[in-house]
Every structure is written in C-alpha cells, then in structure tokens.
Amino acid sequence: MNIAVHETKGIFHLYNDKISYLIGILPDGQAGNLYYGKRIHDREEYDYLLEPARRSHSVYMSDESGNELESRGFSAENLRMEYGVFGNGDFREPAVMVRHEDGSRVSCFRYRSYKIMDGKPELEGLPSTYTEDEGEAMTLQLFLEDAVAGLELVLNYTIFAAEGIIARSAFFRNKGTETLVLERAMSMCLDLPDPEYEWIQLSGSWARERHPVTRPLAPGAVSIESLRGHSSHQQNPFIVLKRPTADEKQGEVMGFSLVYSGNFLARAEEDCYEAVRVMMGIHPDGFSWKLEAGESFQTPEAVMVWTDRGLGGMSRIYHDLYRSRLARGYWRDRPRPILCNNWEATYFDFNEEKLLQIAAKARDCGVELFVLDDGWFGARRSDHAGLGDWYANRDILPGGIKGLSEKVEALGMKFGLWFEPEMVNPDSDLYRAHPDWVLSVPGRPRSLSRHQCILDFSRPEVVDHIHDMMYKILKESKISYIKWDMNRSMSECWSAALPADRQGETAHRYILGVYDLYRRLTAEFPMVLFESCAGGGARFDPGMLAYAPQAWCSDDTDAMERVKIQYGTSYCYPISSIGSHVSAVPNHQTGRITPLATRAAAAFFGTYGYELDLNRLSPEEQEQVSAFTAFMKQHREMIQFGDFYRLRSPFEYNESGWMTVSKDKKTALVAGFRELGRPNQGFRRLKLDGLDPDRTYRVTVPACFGGDESQYVVRTGDELMQIGLITSDVLSGRIDMWEQMGQPADFNARIFVLEEMA
Ligand code: DGJ
C-alpha cells in the first residue's frame, strides 16, 4: 500500500496490491480523476488520460487569472472531476453547491496542498471506519480552495492495505469573511470513463427490506434516496456498479456504501459522452448548512470497494471491514448471545409473572438472554401512550426493571431491555412537560405516525434529558443488552431551537444527536450489547453498525421472507450484524406455516434467537428448540465470523442456498432452502464455494435436521466446488435432497456440516 505523489505532474496515486486510484491536478488547478480500478504500475505522468475534447457548444474553463485555457478542449463537462461543482460548465449533477452572499452559486475549488498520514483520522461527531494499527491504511488529504469565497475544501481518501477499499469524505472550512451556505455536500463523487455497468440497489418496504434490484445504466440518471429522516426500509444507502458479465464469483464490481443513518442520495448519471458520474451523500433536498466565517462542516464517510472477485468477493470485503473496522467495543469479536424476545410472544399483554414464565422456558431450552420489548414503561399499555417516560410501570412490574432484571439473572440468564429513545407520545408526561421538544412547524398541522412524534434530537438538552433517564435505569438494573428502536419517519422537520436560516441543518443535526447519545451510552456501558432497530430494518446502515454491532433485520420473521431479506442484506452487511429470530406459526406477518427446522435454518445465519413463547410449543418441539440452540452455540463463531458465500439466489430459484466457511477453511455450514415442493424431481447439485480445493471434508446432515451423524460422505474441496454437493448421496440414496420423512414438501430447509478430515 502506498500513496505516491508526483508533484511536478500533480499526480496522486493511491495503490495497494489490488487497486489503483489516480488523481490528477488539472491545468486549471481543479482535481480530476484519472483512473479507479485494478492495480496498475506507478508512473511519473498520465497526461494521456486527460482526454480534452474540442466539442461544439462546450463551455471552456479559464485559469485562476481568467485566461482561457490554451486548448479549447479544456471543458469541465468533458473531464472526470473528483468533486464536481455547480455553475462552471460542468452540466452534470454537482457534488457541491455553495450559496454566496451575492446570491451566486458558482464555485471553483483549486488545488493548494496535500497531506499524507499513516492510519486514518476520526471524523468528528460521525461514525467511520478506523484502523487499529497505523500500518493498516494510509490517508491522503487534498486541500483545495475557492479563493473568491475563501472556502477551503479538504477531500479525504483513505486506502486500506488489505483489500480494494477507499474511504472518502469531504470537509469544508470557511476561511473568508462572507457567510456561506452549503446547499449540497456529497461524501463522494466519482467520474468513470464508460457506462458498461449494471446498477444494483437494495429496495423494499416495511417487512420486505433489502431485495436486490438490478438494471443497466442508460443515458440519464438513476438514483435511490431517503427523505424519511432515517436510512429507510425503502432504499438502503448502498449501491453496486458491476460489469454485465460479473456474477457472484468473478468479474469487476464496485460497491459504494454510506456510513450514515439519515436522509441520503445515491446516484449514477450517464452523460451524453457515455461517461458516468457516481455520487453519494446527504440528500440535498431540505438540507443546507450555514458556514459563518471560521465555521466548518464534515460530510459523512462513503466506503468504496473495488474487486474483480464478483459480488461475493465484494460482500466479503465489506463484511470483514464493517465487522472489524467499523463496529467496535466488547462485542465486536464475540459470538452473540442467543436471546428470547417477548414482542411476538405477548405484544403489550404481559405482566412480570408471564415474562418470567417465558424466560424460564427459554432458559430450559438453552437461551442465554431474555429481552423485554416495548410496553414496560409509563402508561404504555398500547402504542397510544407512554413513549418518552422511561421509568417502569409498577402495576405490571412491581419491582421495576431492577427487580425484573435480578429475577431473570437469578434464572441464569442475562437481561435486555427495549427503548425508543427518539420518540414521544403526545399522551406522555414528557410531552406534557416539554411540548416544544418535538419536530414540528408552528402554525402547521403536525403529522403523527403510530401515535407518536419525534423528539428534536438536534437539541443537546433533549438528548441530555433522554440520556439521563436511560442512564439511571442502566445504572441501577442488571442490563446486558439494549434494543434501540425507531418507529416512524420524519415529517415537519423544524426545530424550535434553530433560527430560520439554519432550519436546513435540523435533519442532520438530529442524526448527530442520535450518534452522540449512542456514543455516550456505549462509552458509559461498554459491556452492554446494543442492537439497533427501526420498525425492523429501516436503519440497517453502516452508521448504526459503528455503535450497535447488530441490527434487527426486519419485522418480518417468516422464514421464507427472511431468506430473501437476509440474502439481500448480505450484499453489504456482515452475518454477525443480522438480527434473526425463530417465531411462531402461522407467521404473524405472512400467515405462512413453515417447519420449525426451516425457521431455525434461516435464523442461524445471523445473531439467532426466539421471538415466541416457547411454553406454547409441544414437548417434541421444545426438544427440537433445545437441539437447535445447542447447534447454534456450537457453530455460531464460524457463522458470525467466517466467510459467507451466496450459492443460489432465492430471487431466481425455487431452491436457494448459502454457506459459511471458517476463516481457516476447516469447517463449513451449508444451508439449502426450498420454497415449494415439486413432484418427481431430478438429482440436485449444490455447487459450494470458499473451500480449500485440496482438503478433504466429511459431509454430514446434523441430527437436529433429520440426519444421522454416523452416516457421512467424504469429498474433496474441489469436488464439492466443481461438481457440487450431490445431496442424495449424503442422504443415503434419497433422490431429492428435499425429501425428508414426515416433512412438508413446501418451505423446507436443509443444513449440511462440513469438517476437514485429519
Ligand atoms: C418495531 C420492532 O421492529 C419490533 O421488533 C418491536 O420492537 C416493536 N417495534 C415494538 O413496538
């Protein structure tokens, strides 16, 4: 890994074994992009990559003294810029727009200097990837300036040593005397020389999050966004550009992921010369940031990954990075406790006795952590009241949270608690005391969602107040885990604490307030495991992962839906981050009845837990649950910290599959899922991945999935990857891997364990 600087030619070459990223200072002093992709040799000059074009109707640029640049080919719209600006003849969508005191929005940032450092500096107030050792990454800071406005722009680039990863962000400082307004400030902008890409986004809705959607680029723009105040169920702040021939295993793929939890925009624009501008950052709609003299603004970080190892290769790069250099704290590298959450077991209908019965049965089945969900506080006996009053309802919990947590610990389990810190019901003591603490525009109707308003987390005193209530409970009770929920989108986003000309800052300041509360609580209670949640997966984003190493993936707990949701989620997010539970049937979201084993098989590939009252299962089912729990304990380290491979997509096939391989390639776990049973099927081969081709593996079906562990087959890694797992073979002569005595044909799952033979 290195950052080579060729000062006379104004070239900055960031490279490691895998990638090169080439920046060139253009003849007028702006920063241009010369190349991003597979590693190339380092050379003194790359002038040939500038490609100025004399095109009719183009607008030509001038140098700092106003002289038209000698070759009339020097036009912003024909060049690949590092951070496109508005108003200078670059007619693509800009990365930055600044409003000046005279009302103009024209900018031009020219190169001034650079700085290179080992490691990676933190972004103030914002979550970001990090290094533990300075040798893991190098950072280039390019200092540019709009001399007319006195506005400094610092473009930050960190290249990691291990893989094709570049983390980017932008920083602005008003060094002049004017008051400036940032109307747009993206985290990254990248101009690519050709449009031969397919764009992939992760889309959906509540209970149907992160389904991959693929489409080719075409002239014009394609974009995804959130204007909901959170990253959203509908779109995820993550996109992929892949070559049309790239697939899971091979081919050129670029990922772009935004480390942010609020409004965002991700966009790719193919221009009329078949060049493509990709950008990602805070959504400019409704956003503005006032910069008085001396003030500054830091954008969130965007993480770009380039690989020629296909979509699977890209995902594993994000998984390793986000699991170990974005998530942090005590739980980062630890297998996650198997939990039982009471939400789908009771909803609001519980008292202490009922909870303890659920907890005791869970304990009997090997569960390690009992989580009390919504409904334990204030007047919260339905979703109409109580949010904001973070003290226990003594009618249902006579000993408070302290008493309940002690009783759960006495059962031999850890205790976890649900909060929704950012919300308030109008019917609450908190609202009655502070009606001006909610986001709303005076004089306009205020929208509710789930009967609740959003607290104005852009105000430090509001964050302090909620912090103090949460701190008290955490301090006095035995709490090992917090589920931090967020159940509505933002509307009427206006803060009573900000002046009119700073209202465009409210949504971002709100997110900074959320991060601040997370930062304080995780520092004060370092052993507590945080799980983020937003009505399921509306904030499954890298910003949250920096504080909460796991996230409730979706409110949809149906196994077949979960296979799809978790498959899509795995494009960017590590398996250790995916909150996944076994729930009751008929499923509460889809009404579907799936076998218990299928529900367990889907939930294994995540943090694993139960979302039902195990007392309601038959004794045989309870035994099965104990066996699944024991199985997960045995394999969770490999599942959560190994390498994940998608084998067959549930969006394309009736029979889908995925697997995890331990980092040392000694063990692996394969899961196959079948949606609908079909009669008289042929043999099935599931081609595996990620194994050592030269090692020999014993393949078994675990007893909890109907197998007999004394019956196994022996295959080499290359056989399993090139020929495939011939499942009838393992299952002693059954024709179809899915035929299993007594199991329904539909919604079936299979698990195979691979162990290296000595
Ligand atoms: C939405 C979450 O996703 C659920 O798991 C549950 O915690 C409810 N909120 C409680 O209101």
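A salt bridge here is a side-chain nitrogen of Lys or Arg within 4 Å of a carboxyl oxygen of Asp or Glu. I used that to look between domain 2 and domain 3, and the count is 1 salt bridge. Glu675 forms a salt bridge with Lys564, with 3.9 Å between the closest N and O atoms.

Before going on, two reminders to myself. I am reading a predicted model, where local features need pLDDT of at least 70 and side-chain atom pairs count only at pLDDT 80 or more, while totals for chains, interfaces and linings use all residues. Residues are numbered from 1 along each chain as its sequence is written, and side-chain values use heavy atoms, with hydrogens and water left out.

Next I checked the domain bounds, which come from an automatic or database domain assignment. They give domain 1 (82-325), domain 2 (339-424 + 452-639) and domain 3 (647-756).

Then I returned to the domain 2 and domain 3 interface. I found 21 residues of domain 2 in contact with 28 residues of domain 3, contact meaning heavy atoms within 4.5 Å. The two domains bury about 2200 Å² between them, 80% of it on carbon and sulfur atoms; this is the accessible area (1.4 Å probe) that two parts lose on being put together, summed over both. On the domain 2 side, Tyr567, Phe605 and Met638 lose the most area to domain 3, together 31% of what that side buries.

What is the distance between the C-alpha centres of domain 2 and domain 3? I noted 33 Å.
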